[in-house]
Amino acid sequence: MYGSTYPRSEKDMLPYSDRVKLIAWLRQSVRNDSRVSAIVQRYAIGIGTPTARVNYADPATNDKLERYLEHRFSAIRFGAPRYASTLRSALLVAITETVIGGEVFVIFLKNGQIQIVPSEYCGSPSNIPANSKTESNGILYNRDGSIKAYRFGRRVNNTICFDTKNSTVIPAEYVHHLGTPTRAEEDRFTPKLAPAMCAIQDLREIVTAKTMQIKTQASFSMAIKKNIAPEIAAEMADSYDEIQDFHDEQTARSAYKSIAPNSIMYLETGEDVVPLETRFNAADFDKFLEINLDFVCSVLSIPAEEAVFGYRRSNYSSARADKMRWKDKIDVERAMWTAFLDRLQYWQINRGILLGEISDLPPDFKPQPFIDWTFPHIREIDETKAAAAQQQYLQNGLKSKADLIAELGRYADEVDAEIVADAARMAKLVKEKAAEYGVSPEEVAAYLPKTPNTQILSADKNAKPAQGVDA
């Protein structure tokens, strides 16, 4: 997977067929290995899918654009059922593809949808020279070295073909190549799980061997053990004319290899039935699993506790440190996906304006390539301690209220509007119920739990509390 220092020559890169086999092996592991599948799924869910917030112009225009994007994003993925074609489901698929294949290609189609193309489908015909400066590994270049287009093949007889007849060349402006390169001159990105393939293979082989060992031991459920006291053996030997006859008699039952379930055997004097132990070679088996799962998770920078174990084997300090490292990794990944989403929404809004699907916009309206994307909040190990720390940031002026709310995956103005609306709803309800029962609103508020809303209701200092209520 590693090339030479000459740009785009990739002389040492694995042949395309080997790359396909590598990715196919990883796909099989994700599909059949519950541990690897859990790690990949948790990685994709951890990055999450954001919500869009338009801040282009006046509130009415912003609301109109948000509704349009919400409508477009509800059926954005091409070739998938409607319930699976939302932007959220499409992003989860794309993130998973970047873990398995190292990259994924998202094509912007004329109908306004996007098509997610796996890494294996981007390649070049076999007759393209290895040192070609115009095309390499499915990427077509201009003379100045910039990317001109991408070539995508088609599956024919269970083989992906890239010849002129079975391939499609799409201009680069309609293709978004997503992935994280690991070196300076890497044009096709390495699968994220590639460094963990040895650990995954060890897990597969050792777990399979251990399972077979337990099953084999279970089939030999009982063993017969000779346990004849020396004095009894001496007396029995005296009754035989030949020593060989005595020996044959004592070892006759050793010919039994297994005992059928629910069977009854008649034992002779000195024989005993002993169940076989299943702890053979199992003293460090759990530790082996933990270490190898740590190796697999480390290449994705996700703690094994976050993906498989849960934080049951960590104290608070170590668990918090792992969580912070995981957040740093998520921030890096989210930056890449935010750039893609900016381009996606910019394309959608421009397309809607040109097709007349968005009208009645202000005369000076100009689409912008950036809007606000808020990702889901990553929960802390201890939410109470995290909230106390955020409160200190707010009181010391190190963070604004909008920053704190954004970290929770919300928008400050929306939260404030909900708080005010809730207070107004409570005030209205208290007044209605007070008039219904013939009491004052202050008396009703005095019996409600002490919250900022009820304190507003009982703000009249001259109002007397109800009888029996502590002022």
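The model is predicted, and local features need pLDDT of at least 70, side-chain atom pairs count only at pLDDT 80 or more, and totals for chains, interfaces and linings use all residues. Residues are numbered from 1 along each chain as its sequence is written, and side-chain values use heavy atoms, with hydrogens and water left out.

**Stop 1: helix α1.** Select residues 16–32, which form helix α1; helices (H or I, at least four residues) and strands (E, at least two) are DSSP runs numbered from the N terminus. Within this helix, pick arginine 19. Arginine 19 is buried, at 4% relative accessible area (buried means under 20%, exposed over 50%, partly exposed in between, with a 1.4 Å probe and protein chains only).

Stop 2: Next, display the open sheet of four strands, ordered β4-β5-β6-β9 with antiparallel pairing (two strands pair if DSSP finds at least two bridges between them). Strands β4 (135–136) and β9 (168–171) stand at the edges; each has a single partner strand, so one side of each lacks a neighbour in the sheet. Strand β6, residues 147–152, pairs with β9 over four bridges. Select phenylalanine 152 and its bridge partner in β9, threonine 168.

**Stop 3: the largest cavity.** On a 1 Å grid over the protein atoms alone, a cavity is a set of points where a 1.4 Å probe fits but cannot get out, and lining residues have an atom within 4 Å of a point. Grid points are joined across faces, edges and corners, and a volume is the space filled by probe spheres set on the points. The largest cavity holds about 30 Å³ of space. Among its lining residues are Leu87, Val106, Trp337 and Phe340. Helix α4 (87–101) gives the most to this lining, with four residues.

Stop 4: The structure holds zero disulfides (pairs of cysteine sulfur atoms within 2.5 Å).

How values were computed
On a 1 Å grid over the protein atoms alone, a cavity is a set of points where a 1.4 Å probe fits but cannot get out, and a pocket is an open set with protein on both sides within 12 Å along at least five of seven lines; lining residues have an atom within 4 Å of a point.
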